Amino acid sequence: MQEFGILKNTYKMAVPENRVVKAASCVILLLGISLFMTGMILSDPSQDLAVLLDSAVPPFFVVGVMTLGLSLLSLMTACVGIFGGARHNTCCLVLFILFITLSAALQALTFAFAFRYSSSLKASVMSGLRGAMPLYEPDTNETTEFTRRWDFEQTKHECCGVEAFSDWEEHGSFPHLEWPESCGEYPEDVTPPRGCLSYLVENPYVALILAAVAALALYIPEILGLMSARHALQSIRRRRHFRKMSRSTDAETYYPKMTN
């Protein structure tokens with residue numbers, strides 16, 4: 001009876017720990033989904049900046065790939081954590097701890113790269129856009145994707161050039177005080193009011209900040225889940241030990257009776 005009481009108390013101790021593991025896993029799942037969506041945005045080769053920079057991939061493609069990898073690892077961590085916490089499965093809890101350990105290192109890298117790219121995004125994009133401006137060809141019979149995308153952005157945001165209309169003269173192929181028709185028509189003494197840089201970097205900047213924040217926020221449920229999973233494993237091992245002892249005690253008391 002004493003062993004049974006200890007076993008029962010051990011099981012009761014493991015229940016709240018498993019609930020914490022499941023709750024932490026659900027939070028990790030939600031953050032993993034948000035990281036996946038952010039990673040898809042950052043790694044999309046057809047986004048505006050990739051075309052306007054005349055590049056096969058966007059400048060923050062590495063961060064996008066790292067964010068996607070972190071999201072997939074987070075989703076796997078959440079799945080094994082939910083299953084392990086619900087079924088008291090030792091194998092899943094061990095995998096849960098292992099995935100959290102791997103994820104912690106990748107989170108640090110993702111946060112560092114996302115923060116670094118976000119702080120230097122405007123300067124690097126401005127330099128790249130100005131370097132690619134000579135590719136703008138408005139007078140050709142077949143308009144290129146690069147030209148169409150510049151016309152679309154300038155018409156959509158009512159802007160002209162990178163930082164100002166003068167970029168088309170300094171870095172493009174337009175004469176003095178001339179610019180593409182997509183900038184709009186202005187009187188002779190009036191020039192386009194603003195450049196397009198702030199509009200072009202707005203979405204990537206927000207995505208980089210979200211990737212950095214989500215990678216950092218993952219540590220909170222992971223620490224709680226890691227501590228709870230370790231305690232749950234200890235409780236499961238103690239429960240199995242007491243069961244083994246209980247069976248051994250029952251056998252010792254039963255077989256002598258059979259002999260008598």
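Which residues does Ile100 touch, not counting residues up to four places away in sequence? Ile100 touches Thr77, Glu222 and Leu226, where contact means heavy atoms within 4.5 Å. The place of Ile100 is in helix H4, and with a relative accessible area of 4% this residue is buried. Buried means under 20% relative accessible area, exposed over 50%, and partly exposed in between, with a 1.4 Å probe and protein chains only.

The structure is a predicted model, in which local features need pLDDT of at least 70 and side-chain atom pairs count only at pLDDT 80 or more, while totals for chains, interfaces and linings use all residues. Residues are numbered from 1 along each chain as its sequence is written, and side-chain values use heavy atoms, with hydrogens and water left out.

The protein chain has eight helices and zero strands. Helices (H or I, at least four residues) and strands (E, at least two) are DSSP runs, numbered from the N terminus. Of the 260 residues of the chain, 40% count as buried. Among the contacts with a separation of 6 or more, 76% are made by residues 24 or more positions apart.

Helix H4 (90-132) also packs with H7, at an angle of about 170° and with axes 7 Å apart. The axes are lines fitted to C-alpha atoms, for helices over the stretch in contact, and angles run from 0 to 180 degrees between N-to-C directions. H4 and H7 are therefore roughly antiparallel to each other; angles under 35 degrees count as roughly parallel, over 145 as roughly antiparallel, 65 to 115 as roughly perpendicular and the rest as oblique. The residues that make the contact include Phe111, Ala114 and Leu121 of H4 and Leu200, Pro204 and Ile209 of H7. By class, this contact has 18 nonpolar, three polar and one charged residues. Ala, Val, Leu, Ile, Met, Phe, Trp, Tyr, Cys and Pro count as nonpolar, Asp, Glu, Lys and Arg as charged, and the others, Gly among them, as polar.

Ile209 lies in H7, which comprises residues 197-217. This residue counts as partly exposed because its relative accessibility is 32%. Ile209 and Phe115 are 94 residues apart in sequence and 7.0 Å apart in space, C-alpha to C-alpha.

Helix H5 (residues 145-157) has 13 residues and should span 18 Å at 1.5 Å a residue, which agrees with the 18 Å between its end C-alpha atoms. The expected span is 1.5 Å times one less than the number of residues. In H5, Phe146, Thr147, Arg149, Trp150, Glu153, Gln154 and His157 are buried. They cover an arc of only 165° around the axis, which puts them on the same side of H5; the arc is that of the directions from the helix axis to the C-beta atoms. An α-helix has 3.6 residues a turn, so residues three or four places apart point the same way. The face turned away from the buried side of H5 carries the exposed residues Thr155 and Lys156. What covers the buried residues of H5 includes H2, H4, H6 and H7.

Glu158 is placed in the loop between H5 and H6. Although not a glycine, Glu158 has a positive phi of about 55°. Most residues other than glycine have a negative phi. Glu158 is exposed, with a relative accessible area of 52%.

Ser228 lies in helix H8 (residues 219-259). At 10% relative accessibility, Ser228 counts as buried.
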